Amino acid sequence: MAAATSAVEERSPEWWSRRAWSLLSAVRARAPLVQCIINLVSMDIAANALLAAGASPAMVHSIREIPDFTPRCDSVYVNVGTLAEDWLPSMRAAASAGRPWVLDPVAAAASGFRMEACLSLLELRPAVVRGNGSEILALADSSAAASSKFKVLRHYCIFLAVQSLGADSSHDSADALEAAKALALTTGAIVAVSGAVDFITDGKQVVGASNGVPMMQKITATGCAVTALIAAFVAVEPSDALVAAACALAIFGLAGEIGMESAKGPASLRMHLIDALYGLDEQTVTSRVNISMRP
């Protein structure tokens, strides 16, 4: 572990930009099969983002298909946005199938049922957990003290005061950085907090990815879509989920920046973002990806 930590500390912004291009190229070359058990709102944009990046999405939810299908996938993406009781067994089974998997704890504190589901999924050791500041704060708090219902309710009140079902966050990513570190250490997962700067941590090292534009927050399920891209990057780099997550976040943010150059609003940005993700080239990625180590 000490050797790996030292290697991360020595990585320059130029190293990160080259690595981002390498991983995007690997996704395009290998077309990893990503099983997505995700919310009904995000299926379309997540599938299109995966296709534009070169991956192969599979929206397979039935628990009867998990034993045959999931072991053949390269990674699994679980998203609890439109959580239903009958989907939980499929989520747990897919997460237990031995493939690297990624969790998006959408609106984790919106109900006791939702929080319990997220905590039970965390026990199955995701490679990456990606959420906004409010989601990571609530999840870290409840993971550290799962028996305290008052803590869940406190975050629930903050959470619902300014947002609806997890599309936005009442906390900036920096507000949740310490919670992200604690959650990473508790679960063994890489934790990514989305915001103006995306922070990615293993509990000790922190990486910042600074690509993106504010209007991406006005498009439904862009967070869900970038988590799908993280799953694709983890599929081609399962041994270093921190690098995979940071590069995926930066690549998706860069596509948003390029898309914004032609967009007139959220609807056209959605279209241009997907086009930009499809058309990214080496020169653009290596010159514009903005990833760096943080203290």
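These legends go with several close-up views of one predicted model. As this is a prediction, local features need pLDDT of at least 70 and side-chain atom pairs count only at pLDDT 80 or more, while totals for chains, interfaces and linings use all residues. Residues are numbered from 1 along each chain as its sequence is written, and side-chain values use heavy atoms, with hydrogens and water left out.

**View 1. Arg270 and Asp44 form a salt bridge.** Welcome to the charged pairs. Side chains of opposite charge can pair when their charged atoms come close. A salt bridge here is a side-chain nitrogen of Lys or Arg within 4 Å of a carboxyl oxygen of Asp or Glu, and the count by this rule is 7. In this pair, the closest N and O atoms are 2.4 Å apart. Arg270 belongs to helix α12 (residues 266–279) and Asp44 to helix α3 (residues 43–53), so the bridge ties together parts that are 226 residues apart in sequence. Helices (H or I, at least four residues) and strands (E, at least two) are DSSP runs, numbered from the N terminus. Arg270 is partly exposed at 27% relative accessibility, and Asp44 is partly exposed at 43%. For these words, buried means under 20% relative accessible area, exposed over 50%, and partly exposed in between (1.4 Å probe, protein chains only).

**View 2. Arg130 and Asp104 pair up between two strands.** Their closest N and O atoms lie 2.8 Å apart. Arg130 sits in strand β5 (residues 128–132) and Asp104 in strand β4 (residues 101–104), 26 residues apart. Arg130 is buried, with a relative accessible area of 6%, and Asp104 is buried too, at 0%.

View 3. Glu178 is exposed at 55% relative accessible area, whereas Lys181 is buried at 17%.

**View 4. Glu257, Glu261 and Arg288 are linked in a network of salt bridges.** Look for these three residues as a group.

**View 5. Thr187 is a buried residue of helix α9.** Its relative accessibility is 7%. The side chain of Thr187 reaches the backbone oxygen of Leu183 at 2.8 Å. Beyond its neighbours within four places in sequence, Thr187 is in contact (heavy atoms within 4.5 Å) with Leu122, Arg125 and Ser143. From C-alpha to C-alpha, Thr187 and Arg125 are 6.6 Å apart in space and 62 residues apart in sequence.

Key. A polar contact is a pair of N or O atoms within 3.5 Å; within protein, one must be able to donate a hydrogen and the other to accept it, and residues adjacent in sequence count only if both atoms are side-chain atoms.
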